[in-house]
Amino acid sequence: MIVETGHYALVLALALALAQFAIPLIGARLNDVALMRVARPTAITQFLFVALSYGALTYAHVVSDFSLVNVIENSHSLKPFIYKISGVWGNHEGSMLLWVLVLSFCGALIAIFSNAMSDRLRSDALAIQGLLGAAFLLFILLTSNPFARVAPAPWEGRDLNPILQDPGLAIHPPLLYLGYVGFSIVFSFAAAALIGGRIDAAWARVIRPWTLFAWIALTLGIAMGSYWAYYTLGWGGFWFWDPVENASLMPWIAGTALLHSAAVMEKREALKVWTIFLSILAFSLSLLGTFLVRSGVLTSVHAFASDPDRGVFILAILVLFIGGALALFALRAGALPVGGLFAPISREGALVLNNLLLSACCATVVVGTLYPLALEALTGEKISVGAPFFNTVLIPIALPLALLMPIGQMLSWKRGDLLAALQRLRVAFVVGVVAAAAFGAQYGTPFLSIIAAGIAIYLVVGGLSDLVIRARGSSGRPSFKRLAGLPLSAFGTSIAHAGMGLTLLGLAATGWGVESIVAMKPLSFYDVGPYQIGIESVSPRQGPNYSEVYAVMAVRKDGATIATIEPAKRFYQARRMARSEAGIVTLGLGQVYAAIGESHEDGTVDARLYWKPLVTLIWIGALVMAFGGALSLADRRLRIGVPRRAAAPALEPAE
Amino acid sequence: MTRKGKRLTLIAGAMAVLGLAAGLMLFALRDNIVFFYTPSELAKKQVASGARLRIGGLVKEGSVVKNGRDVNFTVTDKTSDLTVSYTGLLPDLFREGQGVVVDGVLQPSGAFRADSVLAKHDERYMPRDVADALKKQGVWQGETK
């Protein structure tokens with residue numbers, strides 16, 4: 001009964017989504033406030049119905065209702081409780097339902113936090129959000145119904161893919177979707193602005209918090225996913241340039257560009273057309289990612305069962321929304337008032353350069369992801385484009401971008417002084433060079449790692465020194481009072497930039513990692529970087545729905561044991577699948593990582609041992625970036641619904 | 001600078017950055033892509049030895065010979081076979097009769113020296129390249145969904 005309620009709630013949500021699309025849109029054209037105001041309650045109710053439906057599916061998973069195909073294929077009565085909950089989105093149907101849940105949640109958020117805007121903009125935006133919801137609800141109901149029943153119900157389910165039975169999976173997809181789908185809000189506002197024809201600094205103020213919100217979630221989601229891949233796949237890699245990972249990286253890069261161009265639009269009324277375009281692009285790339293992942297066109301661990309009907313349906317949604325938005329853009333962009341131009345050496349000039357470089361990065365990822373698909377479709381040749389391609393193209397773009405980041409922060413709006421900015425960064429330059437030398441002395445080659453690490457340190461120091469300089473004011477002495485008086489968004493920028501520096505340092509340090517593949521004899525120790533690792537015992541153990549062989553390994557330094565790790569090889573009975581559980585210990589900022597393979601009769605165990613210096617910085621940096629974003633989001637001046645306290649100094653026409 | 005001058009600077013700068021990126025991409029695409037073949041495609045193609053390739057197929061039943069960490073096995077698509085040698089740990093999902101993708105270099109002898117072995121299998125998943133190749137050969141047995 002609960003399951004049927006959930007199914008029915010989904011159908012009702014579809015009806016509400018259609019109402020949410022049509023009524024406010026017509027209302028806005030007729031200037032009928034009553035019709036426009038239908039948007040808010042409908043959006044909130046639609047969310048509640050989707051949530052009810054999602055709750056029903058979760059219930060079916062938790063009580064192991066094996067009359068549902070979805071539950072049979074992805075659950076098992078012995079599966080631990082947390083994976084019964086996370087297993088709901090560990091499959092195609094459930095994850096699409098989560099997608100729609102997040103989409104309708106975003107609609108509800110717009111409805112709740114949109115007091116400070118015209119009825120018209122709000123109702124148009126909610127109408128677009130409604131149309132998105134309707135399209136995806138229809139997709140679920142027609143091609144991917146999670147509530148399909150089967151009779152007779154089997155006694156036992158087939159269990160969740162063991163790779164997905166991990167705490168990381170409990171957090172990664174919801175966060176990722178919040179980011180991915182969060183960009184739908186910005187998309188809806190862009191489309192609404194194009195429909196209404198009013199695009200100004202106020203619009204930029206409306207979308208900035210939403211962009212930040214989606215960007216923060218996406219940053220955390222990507223970092224989480226990469227850490228999950230790192231410790232579950234047993235290869236010690238954290239990014240594989242898998243098309244599915246790229247699918248999340250593309251909107252992230254576009255979103256980062258959008259954050260910066262929206263700042264220019266808000267402050268200087270420039271880059272309007274470009275900002276609108278990026279708003280459309282960010283979510284279009286999310287949709288493209290959804291298509292790549294959900295249609296099964298890819299060879300990837302993320303592609304669950306593939307089904308051509310689904311592919312065609314999502315492709316139709318993709319064409320409808322991206323094509324529709326771009327057509328609207330083409331129709332209206334020409335009529336938009338041209339914003340001010342500005343001097344090349346200025347904050348806005350630097351932000352334009354930032355946008356150019358980020359666009360180039362984004363285009364690279366798009367090409368690298370789609371080129372193999374296009375080539376195969378056209379010629380039948382199958383190729384793989386992997387790390388070498390992305391490294392060759394992205395490193396020469398990303399490193400200059402990193403060099404420019406603090407410089408951009410130091411330039412003032414309208415007309416900047418490049419020399420003065422460079423002078424203010426001299427401390428950062430010196431620290432960066434010294435750090436590069438120190439890293440070179442400690443770890444040695446590769447040369448690229450040394451350079452990247454130097455730039456990373458410069459980025460951290462340069463990002464933060466903006467705060468120090470601003471705290472100093474004109475008096476020359478940093479004052480705490482002045483520091484505390486700085487807007488939160490200034491802290492946000494500096495901290496987010498510093499976080500990027502930390503991540504870059506972690507990435508640079510991958511060049512200094514040590515890998516060793518050995519057949520480990522009991523009680524002998526093997527060198528891995530500065531540590532020695534040896535097996536103390538190997539024994540079997542029984543888990544709730546798996547059996548495992550685990551090794552107790554001691555990590556030694558200078559003869560003393562400093563840590564023990566327990567890498568294991570697990571075997572899941574229901575799916576007859578094995579997977580590794582890496583043994584990891586964090587030492588300083590680096591990690592010792594061990595994964596075991598087969599054990600032999602003579603007691604030796606095949607193992608993969610790694611020492612990864614500074615590797616944790618990759619994810620710590622992402623957390624710091626997200627924290628910086630959160631600070632900016634908390635800035636009162638940017639908060640949604642808070643009117644500007646004082647009118648900005650009258651904008652001079654930018655020459 | 002005049003308004004026109006500024007606009008020109010902006011456009012020229014944009015072109016320079018995008019041109020650079022496009023150049024880098026073309027350069028990288030020429031050198032860094034790897035072609036994927038099945039054993040029978042490889043047999044037909046006359047690929048020069050020394051080329052970096054990615055081969056997909058099934059691990060032939062009874063072909064896996066282990067000697068310490070050196071492993072030899074045969075990748076088959078049921079039409080042609082290819083002998084593969086590899087040193088290192090095999091992935092968890094590597095098993096005879098299951099799908100496998102190997103990256104490496106074709107040797108003058110016609111054998112294949114792999115530097116990485118990827119295996120992915122379960123009832124619902126098989127590398128798509130392998131599935132396509134097997135379907136073409138008419139030996140596909142799995143569910144098509």
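**Helices 9 and 20 of chain A**

In this predicted model, A:Pro209, A:Leu212, A:Phe213, A:Trp215, A:Ile216, A:Thr219, A:Leu220, A:Ala223 and A:Tyr227 of helix 9 of chain A are in contact (C-beta atoms, placed from the backbone, within 7 Å) with A:Trp619, A:Ala622, A:Leu623, A:Met625, A:Ala626, A:Gly629, A:Ala630, A:Ser632 and A:Leu633 of helix 20 of chain A. The residues of this contact comprise 15 nonpolar, three polar and no charged, where Ala, Val, Leu, Ile, Met, Phe, Trp, Tyr, Cys and Pro count as nonpolar, Asp, Glu, Lys and Arg as charged, and the others, Gly among them, as polar.

Helix 9 (residues 201-232) and helix 20 (residues 617-634) pack at an angle of about 165 degrees with their axes 9 Å apart, the axes being lines fitted to C-alpha atoms over the stretch in contact and the angles running from 0 to 180 degrees between N-to-C directions. The two helices are therefore roughly antiparallel to each other, a term for angles over 145 degrees.

Chain A as a whole has 20 helices and 11 strands, which are DSSP runs (H or I, at least four residues, for helices; E, at least two, for strands) numbered from the N terminus. The C-alpha atoms of chain A fill a box of roughly 80 × 70 × 55 Å along the principal axes, and of its 655 residues 54% count as buried, with 20 or more other C-beta atoms within 10 Å of their own.

Residues are numbered from 1 along each chain as its sequence is written, with chains lettered from A and ligands numbered from 1 in the order in which they are written. Local features need pLDDT of at least 70 and side-chain atom pairs count only at pLDDT 80 or more, while totals for chains, interfaces and linings use all residues.

Note on methods: Angles under 35 degrees count as roughly parallel, over 145 as roughly antiparallel, 65 to 115 as roughly perpendicular and the rest as oblique. Two residues are in contact if their C-beta atoms, placed from the backbone, lie within 7 Å. A residue is buried if 20 or more other C-beta atoms lie within 10 Å of its own, exposed if 12 or fewer, and partly exposed in between; C-beta atoms are placed from the backbone.
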